[in-house]
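Look at the chain displayed here and follow the description alongside it. The text begins with a pair of side chains and then moves to the whole chain.

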Amino acid sequence: MKATADPRIIAELWEVICDRADHPKEGSYTTRLFTDEKGIDKVLEKVGEESTEFILAVKNGVPGRTASEAADLLFHVLVALRAAGVDLADVMDELEHRRK
């Protein structure tokens, strides 16, 4: 399996998500997720939707679609973490702890 992409993209994405949460930007999809009248339920709905789409892509054996849906799912999980007040560093620490 190749791993040529820079993992720092997750940290950069996290920074953008946090910035949109702290400084809403008109026209931003991320801002719309944070400011939706449903509150955190909106982003959780998206996590559920993207989870289902990811599962179907994997089950149907479509690698390109699987990668795309995985990216969507990761993005929405990150937004949900921020909306829940959980820092990405805490998740990374937990993953590091589990690796040992």
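In what kind of interaction do the side chains of Glu94 and Arg98 meet? They meet in a salt bridge, with 2.9 Å from N to O; the term stands for a side-chain nitrogen of Lys or Arg within 4 Å of a carboxyl oxygen of Asp or Glu. Both residues lie in helix α5, four residues apart, which is about one turn of the helix. Glu94 counts as partly exposed because its relative accessibility is 37%, whereas Arg98 is exposed, at 62%. Here buried means under 20% relative accessible area, exposed means over 50%, and partly exposed lies in between (1.4 Å probe, protein chains only).

Two notes on the source come before the rest. This is a predicted model, in which local features need pLDDT of at least 70 and side-chain atom pairs count only at pLDDT 80 or more, while totals for chains, interfaces and linings use all residues. Residues are numbered from 1 along each chain as its sequence is written, and side-chain values use heavy atoms, with hydrogens and water left out.

The chain has five helices and zero strands. Helices (H or I, at least four residues) and strands (E, at least two) are DSSP runs, numbered from the N terminus. Of the 100 residues in the chain, 23% are buried. Among contacts with a separation of 6 or more, 57% join residues 24 or more positions apart, a contact being heavy atoms within 4.5 Å.

The structure holds eight salt bridges. One of them links Glu69 and Arg65, at 2.8 Å from N to O. These two residues lie in helix α4 (residues 63–83), again four residues apart. Glu69 counts as buried because its relative accessibility is 2%, while Arg65, at 46%, counts as partly exposed. Another salt bridge joins Lys38 with Glu45, where the closest N and O atoms are 3.1 Å apart. Lys38 is partly exposed at 44%, and Glu45 is partly exposed at 39%.

Helix α5 spans residues 88–99 and also contains Glu96. At 46% relative accessibility, Glu96 counts as partly exposed. Together with Asp87, Asp90 and Asp93, Glu96 belongs to a patch of negative charge on the surface. Such a patch is made of residues with over 30% relative accessible area and no salt bridge, like charges being joined within 9 Å. Lys and Arg count as positive and Asp and Glu as negative, with His and the chain ends not counted; the place of a charge is NZ of Lys, CZ of Arg, CG of Asp or CD of Glu.

Technical notes:
Patches are made of residues with over 30% relative accessible area and no salt bridge: like charges are joined within 9 Å, nonpolar side chains (Val, Leu, Ile, Met, Phe, Trp, Tyr) within 5 Å. Accessible areas come from the Shrake-Rupley method with a 1.4 Å probe; for residues, only the protein chains shown count as cover.
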